[in-house]
Amino acid sequence: MSLVELTNGGPLAGKVRKLTILGATGSIGCSTLDVVAHQPDRFEVVALVGNRNVELLAEQAINCRAKVAVTADAGLYDALKEKLAGSGVEAAAGMGAVMEAARRPADIVVAAIVGAAGLKPTLAAAEQGTTIALANKECLVCAGEVFNSAMRKYGAQLLPVDSEHSAVFQVFEQKQRDQVDQIILTASGGPFRSATYEQLKEVTPEQALKHPNWDMGPKITIDSATLMNKGLELIEAYHLFPVEPGQLDAVIHPQSIVHSMVSYCDGSVLAQLGVPDMRTPIAYALAWPSRMPAPVERLDLAKIGQLTFEPIDSDKFPSVGLCLGCLETGGSATAVMNASNEVAVAEFLSDRIGFLGITELTREVLNEADAAGMLGNMTSLDEVSDADEFGRRKAGELAQRLQK
Ligand code: NAD
Ligand code: MG
């Protein structure tokens, strides 16, 4: 189901919402729990799922009175159980437990695991026909139509958490979908917007991890520095809204105040604005189709003074064009690209390849996939896994060759 087909007044209006968070200990997970802590009467937390930070996971689960806390790492069961002792919160561990927790009845499941690792738990949560507040863009990038058709089959509703897509969702007039010209995503430009190509060659992980406007997990912060994040988001927008690839565009907006825009055939452009704080789009998804207060600073445009825009420099940031090319190619191209990018980001963060090597490596993996006839149609989860595995394996091999 595309987002604009959702009806107003949804099934959750007015009742206490049962909430599960996949990826509770990450940046989105923590922001979600903060939003919920400010509106405790509206939510009942069912399950919190995290990975290795069991200390934080246990603390969160006790504070929000979750029914169960789950670490994906089976070896950390005892550590989690010990931290939860006497609290009344159930402890569980391992991938089977993650899937079981995702399937527990909930009204909303926030999908905030990072990377393609979030795909299976998110699909498990969708099986109950619930509302998925989707932060994990890699789900849609790697599985695209396979993911959407599973959502339709289960009768699950997708709501965007990504700030750009939340913005588009808020200004996309569903009755005027045929009169939409373009979806225009904004991008901050990241920390290297003004750097020269030569300077980009020398970028270190520490520099790339300092985002000027947003405080996020490491993978998306690097994606924002290469602008791969914007490429991934264009693909995400394609799968969320009823538009063709040619109707998708992106523009640099360094202040991150205008979160995205929709332009119409009469020349009108509708935008959503706010301070750069993920708690606003999170609150929007949690309260939809209503709104609720979020603990964020109010937007003061007079104080900000200037909102500026500029085109993306495709020589310095070829990742956006690479992603749009994958969208045009279709089939498994976006899955291969996503997997390769995940490996490349990890290699860069471990200081084994250079900053420019991230996109180079991903382009090369796509060329190899094309030559090997791996960019065919993708109609099942098995085919998504095959494409993902191919992308990861090739990226690992190429990373050896590109090593600094
Ligand atoms: P993060 O690295 O801060 O957190 C990731 C979470 O996933 C953690 O809780 C971690 O424990 C969990 N996790 C990782 N691997 C796992 C596994 N195999 N099984 C179970 N749990 C696992 O990341 P983040 O910045 O919160 O981003 C999460 C997702 O939201 C990403 O897909 C990102 O692109 C998207 N997103 C983030 C932001 C943001 O502001 N942080 C904005 C828009 C979209
Ligand atoms: Mg975003």
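Ile28 reaches ligand 1 through its backbone: one of its N or O atoms there lies 2.9 Å from an oxygen atom of the ligand, a polar contact in the sense of a pair of N or O atoms within 3.5 Å. In this predicted model, local features need pLDDT of at least 70 and side-chain atom pairs count only at pLDDT 80 or more, whereas totals for chains, interfaces and linings use all residues. Residues are numbered from 1 along each chain as its sequence is written, chains are lettered from A and ligands numbered from 1 in the order in which they are written, and side-chain values use heavy atoms, with hydrogens and water left out.

Two further residues approach oxygen atoms of ligand 1. In Glu138, an N or O atom of the side chain is 2.6 Å from a ligand oxygen, while a polar backbone atom of Ala135 is 3.4 Å from an oxygen of the ligand. Taken alone, ligand 1 exposes 830 Å², and the protein buries 88% of that area (accessible areas by the Shrake-Rupley method with a 1.4 Å probe).

The shell around ligand 1 holds 23 residues, with Thr25, Ser27, Ile28, Glu138 and Gly217 the closest; a residue is counted as near if one of its heavy atoms lies within 4 Å. By type, the shell divides into 12 nonpolar, eight polar and three charged residues. Here Ala, Val, Leu, Ile, Met, Phe, Trp, Tyr, Cys and Pro count as nonpolar, Asp, Glu, Lys and Arg as charged, and the others, Gly among them, as polar. At least two shell residues come from each of α1 (27-37), α6 (137-154) and α10 (218-226); helices (H or I, at least four residues) and strands (E, at least two) are DSSP runs numbered from the N terminus. Because domain 1 (3-161) and domain 2 (166-277 + 299-304) both give residues to this shell, ligand 1 lies between them, the domain bounds being those of an automatic or database domain assignment.

Turning to the sheets, seven strands form an open, parallel sheet in the order β4-β3-β2-β1-β5-β6-β7, where strands pair if DSSP finds at least two bridges between them. At its edges stand β4 (90-93) and β7 (157-160), each pairing on one side only. The twist averages 20° from one strand to the next, with axes fitted as lines to C-alpha atoms and angles running from 0 to 180 degrees between N-to-C directions. Within this sheet, β1 (residues 17-22) and β5 (residues 108-111) are joined in the parallel sense over four bridges, and Leu22 stands opposite Ala111 in β5.

A four-stranded open sheet has the order β9-β8-β10-β11 and mixed pairing. Its edge strands, β9 (248-252) and β11 (269-273), each have a single partner, so one side of each is left without a neighbour in the sheet. Neighbouring strands here are turned by 20° against each other on average, direction ignored. β10 (residues 258-264) pairs with β11 in the antiparallel sense over five bridges, and Ser263 faces Val269 in β11.

Two backbone details complete the description. Ser256, in the loop between β9 and β10, has a positive phi of about 50° although it is not a glycine. The peptide bond from Trp288 to Pro289 is cis, with omega near 10°; Pro289 belongs to the loop between α12 (279-287) and α13 (301-304).

Notes. Polar contact = N/O pair within 3.5 Å; in protein donor to acceptor, adjacent residues only side chain to side chain.
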